[in-house]
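Have the sequence and the model open.

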Amino acid sequence: AVDDVFEENFMTAAKFSVEIEKIVKDSTLNYIEAIVQFCDDKNIELDGVNKLISKPLKEKLKYDAQRLNFMKATSRGMLKL
């Protein structure tokens with residue numbers, strides 16, 4: 001009961017990833033846009049969201065950033081997602 005309320009009201013990294021994946025799947029947004037949209041909808045500060053980003057989600061963000069020329073591609077080959 002108390003744990004259910006706690007879980008429902010607090011965002012975990014796993015819950016955050018599921019929500020972002022759902023937004024990307026159901027829209028034309030990329031991962032960067034999906035995170036901004038989700039945070040805006042839930043009134044979550046973007047500054048504090050870094051601790052909610054899982055390693056797989058971080059890789060997808062990195063891919064989007066490189067594809068959009070927001071950051072340089074690494075010397076390692078890019079993984080197509």
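Q: What does buried mean, and what does exposed mean?
A: Buried means under 20% relative accessible area, exposed over 50%, and partly exposed in between (1.4 Å probe, protein chains only). Helices (H or I, at least four residues) and strands (E, at least two) are DSSP runs, numbered from the N terminus. The model is predicted: local features need pLDDT of at least 70, side-chain atom pairs count only at pLDDT 80 or more, and totals for chains, interfaces and linings use all residues. Residues are numbered from 1 along each chain as its sequence is written, and side-chain values use heavy atoms, with hydrogens and water left out.

Q: Which residues of helix 3 are buried?
A: Tyr31, Ala34, Ile35, Phe38 and Cys39.

Q: What covers the buried residues of helix 3?
A: Contact means heavy atoms within 4.5 Å. The cover includes helix 2 (13–26) and helix 4 (55–67).

Q: How is a pair of aromatic rings described?
A: By the distance of the centres and the angle of the planes. Rings of Phe, Tyr and Trp (its six-membered ring) pair if their centres lie within 6.5 Å; planes under 30 degrees apart count as stacked, over 60 as edge-to-face and the rest as tilted. The whole structure has 1 aromatic pair. Phenylalanine 16 sits in helix 2 and phenylalanine 38 in helix 3, 22 residues apart. Both are buried.
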